[in-house]
Structure formats: C-alpha cells, structure tokens
Amino acid sequence: MQSNLNNEMVLELLQKRFGDVIISATTPYDLLTIEVVSMSCYDIIAWIKDEPTLAIAYLTNLGGVHYPQNEGRELAVVYHLHSLTNNFRIRIKTFLSIENPTIASIVAIHASANWMERETFDFYGIQFKGHPNLVRILNEDSMDYFPMRKEFHLEDETREDKDDRFFGR
Amino acid sequence: MGKINDVDVINGEGFQLSTLDKVIASARANSVWPLPFATSCCGIEYMASMGSNYDLARFGMERMSFSPRQADLLIVAGTISKKLGPVLKQVYEQMSEPKWVLSVGACACSGGIFDTYSVLQGIDRIIPVDVYVPGCPPRPEQIIDGIMNIHKLVKTESLRRRYSDEYKHLLESYNIESNAE
C-alpha cells in the first residue's frame with residue numbers, strides 16, 4: 001500500500017510543532033529516525049497519535065540500548081511507532097544519563113507500553129515515571145542488577161568449571 | 001535357589017522364600033511412577049521414550065504422575081531458568097519419600113550451551129540428583145539407560161534410605177526439609 005505520508009512531510013510537521021526539541025533526524029533504510037530531548041518524548045508521542053494528519057497510533061516496539069562510551073548519555077530509549085491508517089513508520093530515540101535514567105512512562109498514551117517498559121526497566125534499569133507497576137517482568141525478582149548493561153558478563157558468574165587455562169581466555 | 005525379577009528366591013514345594021526388603025525393592029523398581037518436568041527438546045525425546053516405539057510402559061511406568069504427591073521419580077528434561085528454579089524445588093519438596101531424580105540432557109545437568117545469567121547451571125544446584133543422562137538432547141535409548149540405572153538404585157538402596165544420616169545431611173545441604181515421617 002502506498003503511504004499517504006513521507007519522511008519530509010512528517011519531519012516538517014514535527015519541526016514546526018516542536019522546534020528545537022528535535023535534536024537530529026536521519027533516514028536509515030528510509031525509516032525516519034528522530035532524536036529528541038527526553039523531557040519532550042511523552043508530548044511528541046501523544047501529539048503524533050492525536051494529530052489527525054499523522055495518526056501514528058500504534059506502538060510497534062519499545063526498548064533500550066546501552067552505549068557505555070557515550071558519557072552523559074549512556075542509555076537510549078527507542079520507540080518504534082506505526083500509523084496503521086497512513087502506513088507510515090517512525091522511530092524516536094532519546095538518550096539518558098546512567099546516573100539518572102528517568103523518563104516519563106507512555107502507558108497513558110499506549111497501553112501496550114506497559115510490559116515493554118517493564119522489560120526495558122528489567123534489563124537496563126530505566127525508570128519510567130508514572131508506570132502503574134514498574135517491577136521486573138522476565139528475570140527473577142531477586143536479581144540485583146540489570147543484565148543487559150555492558151559492564152555485566154553474559155555468562156553465569158557462579159560457574160567454577162570454566163577454567164581460563166582450558167578455554168584460552 | 002532361583003531368580004525372579006533379579007530377586008534371589010528359594011523355591012520349594014508349595015512355597016517360595018526370599019527376604020522382604022528385596023521383594024519390596026523389586027516391586028518399587030517395577031512400578032516407578034514418573035513425574036515429567038519437561039521444558040524443551042529433551043522433553044520431546046522423553047515423549048518419544050513414552051511412545052509406542054520405545055515404550056517405557058514395559059517397565060511399569062505407563063502411569064505418568066502429573067501430581068508430585070503420587071510420583072516416585074522426578075524426570076527433569078530441559079533447560080531450567082533461574083526463575084523456574086524455585087518452582088522445580090517446590091515440586092521436588094512435594095514428592096513423598098521414597099523419591100528419585102533423573103536429570104535428562106546437558107541443560108538439566110549443567111546448563112548446557114546456555115551459560116548465561118538467566119539459566120540455572122545444573123539442577124543439582126537446587127535439588128539432589130540420582131542419575132544424570134548426558135546428551136543434547138539424549139536419544140530415547142539413553143533416557144531408558146538412565147531409567148535402568150534408577151531401577152538399579154531402587155533395587156539396591158536401603159528401603160529406609162530416608163532415615164540414614166547421609167540422606168538427611170544431603171537434604172540439609174540443599175536446605176530442603178525432609179518429609180520422611
């Protein structure tokens with residue numbers, strides 16, 4: 001199906017409405033990707049849902065990324081959104097510092113964000129303010145760290161049989 | 001002297017003699033009720049073992065006990081994540097004595113290829129295991145061999161294993177309360 005919207009149109013609308021809040025915009029693989037100020041993420045996602053010309057009302061995915069080398073902006077939250085009526089996709093990225101990884105929850109806009117935000121909290125420790133029940137979803141409740149952060153080893157730390165002498169490490 | 005079901009018996013005219021513990025052990029070994037705790041591909045191999053080609057039923061095991069309370073043998077087949085660990089332990093604790101545990105496949109024995117933060121690195125970290133079956137996944141023949149080894153244990157162990165100091169000490173080391181009363 002042909003899309004009623006294109007990247008340039010949507011970016012222009014967003015820049016007209018939000019201005020400097022949109023830090024940068026790229027189109028890798030023809031997918032409009034905007035980086036925004038974390039404080040405004042909620043407003044942007046709410047607006048593109050309600051704005052009738054856009055109607056980007058479906059949250060495809062929400063996840064985190066850890067970039068340990070990006071000082072002051074180590075954690076990213078990435079939202080993939082889709083307009084079902086216009087067949088248009090957009091990706092919204094925002095960066096948080098690892099000392100205070102707090103961002104507004106979008107559960108009030110997209111109920112489907114509930115478990116995805118819990119998952120992102122579970123693995124990256126990103127605090128979604130206003131989430132109705134921000135507790136671990138996949139890992140055991142007693143886990144005391146966020147396993148997808150790069151400083152933690154993927155391997156189980158309690159194995160004694162993996163002697164480096166035999167594994168060439 | 002003769003043998004019936006591996007039990008030494010003395011046959012006479014109109015009577016047969018043996019020792020009670022051997023008869024009981026033989027009866028137990030030939031009616032082990034298994035509780036399958038199957039989570040992944042090893043579970044599929046276990047299902048094949050139960051099916052008509054391999055037919056575990058010929059060893060008196062046709063009755064799958066999906067309630068731990070009536071089961072004798074806990075068969076753990078598959079990857080056990082750390083989150084599932086307490087559930088497995090609870091299932092084990094609910095089984096009544098005497099009970100045995102068969103660990104089927106690399107994952108249940110050692111975590112297998114899943115050397116990762118979320119997977120239990122062998123079920124023997126939370127419950128005692130009697131027989132380990134290696135393989136990824138093991139073929140039904142291997143699972144049957146493991147069960148034969150369980151039978152050997154059932155036949156040769158003391159009937160009152162649960163009262164022995166070693167057994168109590170073993171359960172204590174796993175922080176499991178003995179339910180042998």
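1. In chain B, strand β4 (residues 34-38), helix α2 (residues 41-50) and strand β5 make a left-handed β-α-β unit, whereas the crossover from β5(B) through helix α3 (residues 85-94) to β6(B) is right-handed, a term for a path that runs clockwise from the first strand over the helix to the second with the strands pointing away from the viewer. Helices (H or I, at least four residues) and strands (E, at least two) are DSSP runs, numbered from the N terminus.

2. This is a predicted model, in which local features need pLDDT of at least 70 and side-chain atom pairs count only at pLDDT 80 or more, while totals for chains, interfaces and linings use all residues. Residues are numbered from 1 along each chain as its sequence is written, chains are lettered from A and ligands numbered from 1 in the order in which they are written, and side-chain values use heavy atoms, without hydrogens and water.

3. Strand β5(B) runs parallel to β4(B), joined by 5 bridges, and also parallel to β6(B) (residues 100-104), again with 5 bridges; strands pair if DSSP finds at least two bridges between them. Pro36(B) stands opposite Ile75(B), and Ala77(B) has Val104(B) as its bridge partner.

4. Both faces of β5(B) are covered, with Leu73(B), Ile75(B) and Ala77(B) buried on one side and Leu74(B) and Val76(B) on the other, where buried means under 20% relative accessible area (1.4 Å probe, protein chains only).

5. Between chain A and chain B, the rule finds 1 salt bridge, a side-chain nitrogen of Lys or Arg within 4 Å of a carboxyl oxygen of Asp or Glu; Asp156(A) and Lys82(B) meet in a salt bridge at 2.5 Å, N to O.

Notes. Buried means under 20% relative accessible area, exposed over 50%, partly exposed in between (1.4 Å probe, protein chains only).
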